[in-house]
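Please find below a short note on the model, arranged as numbered points.

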Amino acid sequence: MTNSIPRFWRRTLSMFYDFLLLLAIWFIASFIFHLVFRDTTAVYFRPLFQFYLLFVAGIYFIWFWTHGGQTLAMQTWKMRVVTSSGQRLTTRQAITRYLLAVIGITFFGFGIMWALFDRDRQYLHDRLAGTRIVNVEN
């Protein structure tokens with residue numbers, strides 16, 4: 001594994017690929033949720049459903065980041081998320097990275113655009129969580 005940081009657009013395209021994979025996961029998860037909670041007009045339905053989808057996405061990312069450091073898209077684009085010192089992420093670090101990424105993306109993608117101005121070209125959630133994305137050699 002090399003310590004070079006993948007280019008901004010490569011990381012962003014990988015993130016978009018992960019989003020497409022996540023849509024498929026959300027489709028299946030939504031089907032299951034709607035089977036369980038049939039009353040979609042209930043006042044609690046929408047916030048519960050949104051939290052559920054956020055939770056499902058968290059499980060996807062946190063599991064992959066703590067089990068090899070690569071989501072399916074990161075495997076395709078030959079990247080890995082590691083700690084600042086190059087180690088494997090702990091569950092706590094992965095949860096922190098996920099929650100910070102959600103916040104950064106929610107605010108008009110500010111956490112992603114941060115990489116355009118960061119001295120190490122890191123996303124804001126990586127900077128704050130003490131993680132980074134690196135290239136992986138074959």
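1. The crossing of α1 and α2 is right-handed; a crossing is called right-handed if the near helix is turned clockwise from the far one by less than a right angle, and left-handed if anticlockwise. Helix α1 covers residues 8-36, and its axis comes within 10 Å of that of α2, at a crossing angle of roughly 130 degrees. Axes here are lines fitted to C-alpha atoms, for helices over the stretch in contact, with angles from 0 to 180 degrees between N-to-C directions. That angle makes α1 oblique to α2, since angles under 35 degrees count as roughly parallel, over 145 as roughly antiparallel, 65 to 115 as roughly perpendicular and the rest as oblique.

2. Which residues of α1 meet α2? They are D18, L21, L22, I25, W26, A29, S30, I32, F33 and H34, which meet F45, L48, F49, Y52, L53, V56, A57, Y60 and F61 in α2; contact means heavy atoms within 4.5 Å. By class, the contact of α1 with α2 has 16 nonpolar, 2 polar and 1 charged residues. Ala, Val, Leu, Ile, Met, Phe, Trp, Tyr, Cys and Pro count as nonpolar, Asp, Glu, Lys and Arg as charged, and the others, Gly among them, as polar.

3. The model is predicted: local features need pLDDT of at least 70 and side-chain atom pairs count only at pLDDT 80 or more, while totals for chains, interfaces and linings use all residues. Residues are numbered from 1 along each chain as its sequence is written, and side-chain values use heavy atoms, with hydrogens and water left out.

4. The chain has 6 helices and 2 strands, in the order α-α-α-β-α-α-α-β from the N terminus on. Helices (H or I, at least four residues) and strands (E, at least two) are DSSP runs, numbered from the N terminus. The C-alpha trace spans about 50 × 30 × 25 Å along its principal axes. Of the 138 residues, 39% count as buried, where buried means under 20% relative accessible area, exposed over 50% and partly exposed in between (1.4 Å probe, protein chains only).

5. Helix α2 (residues 45-66) also packs against α4 (residues 91-106), at an angle of about 135 degrees and with the axes 9 Å apart. These two helices are therefore oblique to each other, and α2 passes α4 in a right-handed crossing. The contact is made by L54, A57, G58, F61, I62, W65 and T66 of α2 with T91, A94, I95, R97, Y98 and V102 of α4. These residues divide into 9 nonpolar, 3 polar and 1 charged.

6. Leaving aside neighbours within four places in sequence, R97 is in contact with residues including W65, V81, L89 and H125.

7. Q122 is found in the loop between α5 (110-113) and α6 (124-129), and at 10% relative accessibility Q122 counts as buried. The side chain of Q122 reaches the backbone nitrogen of R127 at 3.5 Å.

8. N135, in strand β2 (residues 131-135), is buried, with a relative accessible area of 13%. The side chain of N135 makes polar contacts with the side chains of S4, at 2.7 Å, and R10, at 2.4 Å. A polar contact is a pair of N or O atoms within 3.5 Å; within protein, one must be able to donate a hydrogen and the other to accept it, and residues adjacent in sequence count only if both atoms are side-chain atoms.
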